[in-house]
Amino acid sequence: MYDIIIVGAGPAGLSAGVYAARAGLSALIIERIFAGGQIARAHIVENYPGFPEGVAGVDLGLKFKEQAERHGAVIEIADVTGYDLESGEKKIVTADKIFKAKTVVLAMGAKYRSLGLSSEKKLVGAGVSYCATCDGAFFKGKDVAVIGGGDTALEDALYLANFASRVYVVHRRDELRGQKALQKAAAENEKITFVWDSVVDSIVGDSSVKAVRLKNKKTDKMSDIAVSGVFVAIGTMPETEEVKDMIATDAAGYIIADERMRTSLPGVFAAGDIVAKPLRQVVTAASDGAVAVYSAQAYIREKE
Ligand code: NAP
């Protein structure tokens, strides 16, 4: 029986691992794919304190992992298939094991949102991508479109401008959601062109992307922009499918946690992008992880 099982090895889960191990708790982190979480998709993270020059997302993720392991947290790569969180003894089920713990920190994060178009689904991997850092280099000298107006879309556009001839940023309104610093950098980049008030009607192409078909929301006018790649960056959805029926969430499915990261279930805490909160950043995820462990420790102490 572990003192604490942390599900998810992004910045929240790994920070929780560091704090748990350093507090002398036996800690297991279960991760589905690889440690690092969504930042592994970030070309460069410029707003995490301690890195004045910025740091590659993948490197920051590896540093978090190294730190958690150095302090004694154990990371298991496995897909969690079931949760028993309601009783005093928590159980986390994977394909071939059942792990038991006194407390659980849910830090599964969020996954990218798709446009929900059949043409998008058909062309995934054939020009449609959700990861500019992973796929950007394939579009050297080509024209691409980025869909979205948030931080991810702007960062993706700036990164893609390193390779592509032209980057069209297609946004459904005429005002961006992303940070002012990113807006300024994108506006000043000669390779980036904004297409306002437009939504994607379909992605054109049989075996590879040839164009993106847009509908102007103000005029209803349809137009095609010839591109070889479409990068969808329209936000994220919480990874709460498996737990949403047993724990309080908001309307969008994010877990409701108080300032101590306590959820509606005793002994179950949440941290990072999976939590209903106003600011989803590496720094807030890392902070949540620390607070969640502090609260888990208090919970164990009270129980014993
Ligand atoms: P986001 O902030 O939720 O922005 C999503 C964007 O996509 C919005 O501009 C939204 O338009 C648009 N959108 C949503 N659904 C759409 C649809 N069906 N069709 C067309 N457009 C759609 O998502 P994000 O940019 O991925 O960022 C997620 C979180 O991570 C944010 O908290 C962000 O600050 C953070 N983040 C931070 C950094 C950084 O600090 N360096 C980098 C990346 C992400 P509207 O604006 O009209 O709603």
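The shell around the ligand consists of two nonpolar, nine polar and seven charged residues; here Ala, Val, Leu, Ile, Met, Phe, Trp, Tyr, Cys and Pro count as nonpolar, Asp, Glu, Lys and Arg as charged, and the others, Gly among them, as polar. The model is predicted, with local features requiring pLDDT of at least 70 and side-chain atom pairs counting only at pLDDT 80 or more, while totals for chains, interfaces and linings use all residues. Residues are numbered from 1 along each chain as its sequence is written, and side-chain values use heavy atoms, with hydrogens and water left out.

In total, 18 residues surround the ligand, each with a heavy atom within 4 Å of it. The closest are N47, D151, T152, E155 and R177. A polar side-chain atom of T152 is 2.6 Å from a ligand oxygen, an N or O atom in the side chain of R173 is 2.7 Å from one, and a polar side-chain atom of Q179 is 2.8 Å from one. On its own the ligand has 910 Å² of accessible area, of which the protein covers 78% (Shrake-Rupley method, 1.4 Å probe).

The second largest pocket holds about 170 Å³ of space. A pocket is an open set of points on a 1 Å grid over the protein atoms alone, where a 1.4 Å probe fits, with protein on both sides within 12 Å along at least five of seven lines; lining residues have an atom within 4 Å of a point. The volume is the space filled by probe spheres set on the points. Among the lining residues are R260, R262, Y294 and E302. By class, this lining has six nonpolar, three polar and three charged residues. Helix α7 (residues 282-303) supplies five residues, the largest share of the lining; helices are DSSP runs of H or I with at least four residues, and strands are runs of E with at least two.

The whole structure contains 15 salt bridges, each a side-chain nitrogen of Lys or Arg within 4 Å of a carboxyl oxygen of Asp or Glu. One of them joins E304 and K102 at 2.9 Å, N to O. This pair links distant parts of the chain, 202 residues apart: E304 lies in the segment after α7 and K102 in strand β6 (residues 98-106).

Note on methods. A polar contact is a pair of N or O atoms within 3.5 Å; within protein, one must be able to donate a hydrogen and the other to accept it, and residues adjacent in sequence count only if both atoms are side-chain atoms.
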